[in-house]
Structures are given as structure tokens and as C-alpha cells.
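Please read it alongside the sequence and the coordinates.

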Amino acid sequence: MTKINHDFDIRGIPSQLFRSYLSSGKQFAELENVQSGLVDISNGVHQGSVLGPLLFIMYINDLPKSSAFYTVLYSDDTYPCLSHKSLDNLQRMVNVELIKVDNWLRSNKLSLNYSKSTFMRTKCLKNNSNLSETCSFQIKINDSCFQRKTCAKYLEILIDSSLDWSSHVQYIKSKLVRASHLFYKIRNVVLVDVLKMLYFSLAHCHLKYCIVSWGLATDSILQTLEIVHNNILRTITYNVYRCHITPLYKSLNSLKIHDIYKLELAKLMHKFHYEMLPTSFKDLFHKTAEIHCHDTRYTTNQNYFIQQVSTNAGKKQFLIEEQHIGQV
């Protein structure tokens, strides 16, 4: 409670309310119908409480300031990121900064689970010669080595070390395949309207979720997902495999995967333009008029600066694609 009062300057009645709420908890253990005595809870929040998640977020809010990591926080998931051109320097920097994070956790009466902590090393898009897979790369703290993974899940998004989104596309494909089998089994016993409702509940939602990120995958990777998606549409509309797919999209008021991607990008840029996004997005894009004062056809309040790139990998970057959509 002292930490929250100090960091957020909570005083008076609100401070007394939080203090009373946090100081009234007790706990006990039960094993085979045998209960221990009640013990006061000196740390933490009440499990399952409404205020618990909010108070926890407030408690760890300054964790990103404890190290040089670019730290992404969401609930109790923490993802620190660091980059460097030299692999040796990167390894040294990560191990040094991890000690700072561990010290912060200890000073705030928290602990890092070394056995469950993993790391993933991604390759540079421009030059990966210094990041050869044959190089040894160890992350450890207090003599405990972190396990290296080639794919990590964050908020139901699979991010692979090659950054080509192939793992996540296969993950979505597996969900759509299961949905396709379900539609095939029940299509003869339910109405078409029910099938359409289930399509948006069990299939379309997975295609839409975070597509502004994984929608950058190449056509070769997305093709298998598109095939499964088209088969679902044919199944719920009682059409044969070789029928033309475009009319089916129109009849279901649905979109192809690439069109869903462009629509979600346009929505994001619309919210950014009218300042409807969180403040963390503030410096993500810049208007062309703020970059230079030259009078060009793109120098308006409706256009955003697009970085010039020459490689196919560069043209697939998140910011490049979104700023193209931002030209309205």
C-alpha cells in the first residue's frame, strides 16, 4: 500500500479505503478435510476480487523503468525486449539488465520463476549474418539458464523467431479446420442462418483477431489458410468444392483474408488520426506535414509519412503497410 500511495499520490479517504480493503484479508490451508488456523495476509491482493487486477497493475507499473529493456506489460504477462547489432554485446546486455529486473522484483517482494522463464532470439530483417544459428547464446541469472524457444505465445498470438507468422497462421488454420468439421456435421440439421451465426462466432473471429500484425505474412503462407476458409463458406452455403467463391463472400457479408486485413488497418489508422487510441500509439506515426515543409501532393493533414524501402521484407513491415493505408 505504501508503494501505491507513493507512486500514484493517493491520499485522504481513497488511501484509507484501499488500506482497509487490503489489510482485512486472512487465509488458511485445507488438506483432506483438515484446516489450518487463520493467518493474516501481509502481501498481495485478494484472489478473484474485482479490484485485484487493477491494484496489481498499479503495483508493477514502474517495472519497465527498472532496466533498459523495452518492456511490454499486460496483466501478469511481462515481455522484456532488447536489440543490438552485435550478438556478443546483446548477450552481455541482456544478462546485465536481467539482474536489474530481478533486483526490482526482490525489492518489491516478488520473485522471478527461473524454470518457467524462456527467451526467443529473432533475426534482423536486413542483415542476419551476425545472428547465425551456430552461435552460442545463453541467458542466465543466478546460475539458472533460461530455455530458448523458437516460438512464443503472447495474448494468443504465436510469434516465431523468423518473424514470418507461419506458426500463428498454422495455429489459426487448426482452429478453422475444427470449425469446418463441425459445420459439415450439423449443416443438415440446422438452418442456414444458424450456420452463418456460428461462422462469425467460430471462424471469422479468429481471422479478425490481431490480423493487423499477422496479416503481413506472405501469400504463400496465407494460401493454406485461405483454402480452409473458402471450404467453410462452401460448406455452410451447401455448395460444391469447385464452385466460384466470390459470390459466397457477398452472400455472407464476409471478406477475404487480405480484405479483412486492409479493413482492420484502415480502422486502426482512423482511430489514430482522430486520437482514439491509447497514448502509447502517439509516436507510432507522423504526419507528412510534420516531417518536411515541402508542398507536395501528400502534404495534407490526411496523410502520414511513408518510409522509403527497397527490399520485399522492408515493404512488409508493420509501419510501412499501415501508413500506406493511412493515405486517405
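Lys109 is exposed, with a relative accessible area of 62%, where exposed means over 50%, buried means under 20% and partly exposed lies in between, using a 1.4 Å probe and protein chains only. The model is a predicted one, in which local features need pLDDT of at least 70 and side-chain atom pairs count only at pLDDT 80 or more, while totals for chains, interfaces and linings use all residues. Residues are numbered from 1 along each chain as its sequence is written, and side-chain values use heavy atoms, with hydrogens and water left out.

Although Lys109 is not a glycine, its phi is positive, at about 60 degrees. Lys109 sits in the loop between α4 (87-107) and β7 (118-119); helices (H or I, at least four residues) and strands (E, at least two) are DSSP runs numbered from the N terminus. Cys210, likewise a residue other than glycine, has a positive phi near 55 degrees, and it is placed in the loop between α6 (192-208) and α7 (211-214).

| Residue | Relative accessible area | Class |
|---|---|---|
| Cys151 | 25% | partly exposed |
| Cys205 | 30% | partly exposed |
| Cys210 | 31% | partly exposed |

How many disulfides does a search of the whole structure find? The search finds 0 disulfides, a disulfide being counted as a pair of cysteine sulfur atoms within 2.5 Å. In general, a disulfide is a covalent bond between the sulfur atoms of two cysteines.

On the surface, Tyr74, Leu155 and Tyr209 form a nonpolar patch with about 290 Å² of accessible area together. Such patches are made of residues with over 30% relative accessible area and no salt bridge, with nonpolar side chains (Val, Leu, Ile, Met, Phe, Trp, Tyr) joined within 5 Å and like charges within 9 Å; a salt bridge is a side-chain nitrogen of Lys or Arg within 4 Å of a carboxyl oxygen of Asp or Glu. Leu155, a member of this patch, belongs to the loop between β11 (151-154) and β12 (157-160).

For the protein as a whole, there are 13 helices and 12 strands, and buried residues make up 31% of the 328 residues. Of the contacts (heavy atoms within 4.5 Å) with a separation of 6 or more, 55% are between residues 24 or more positions apart. The accessible surface comes to about 21600 Å², and 55% of this surface belongs to carbon and sulfur atoms, with areas taken from the Shrake-Rupley method with a 1.4 Å probe and, for residues, only the protein chains shown counting as cover.
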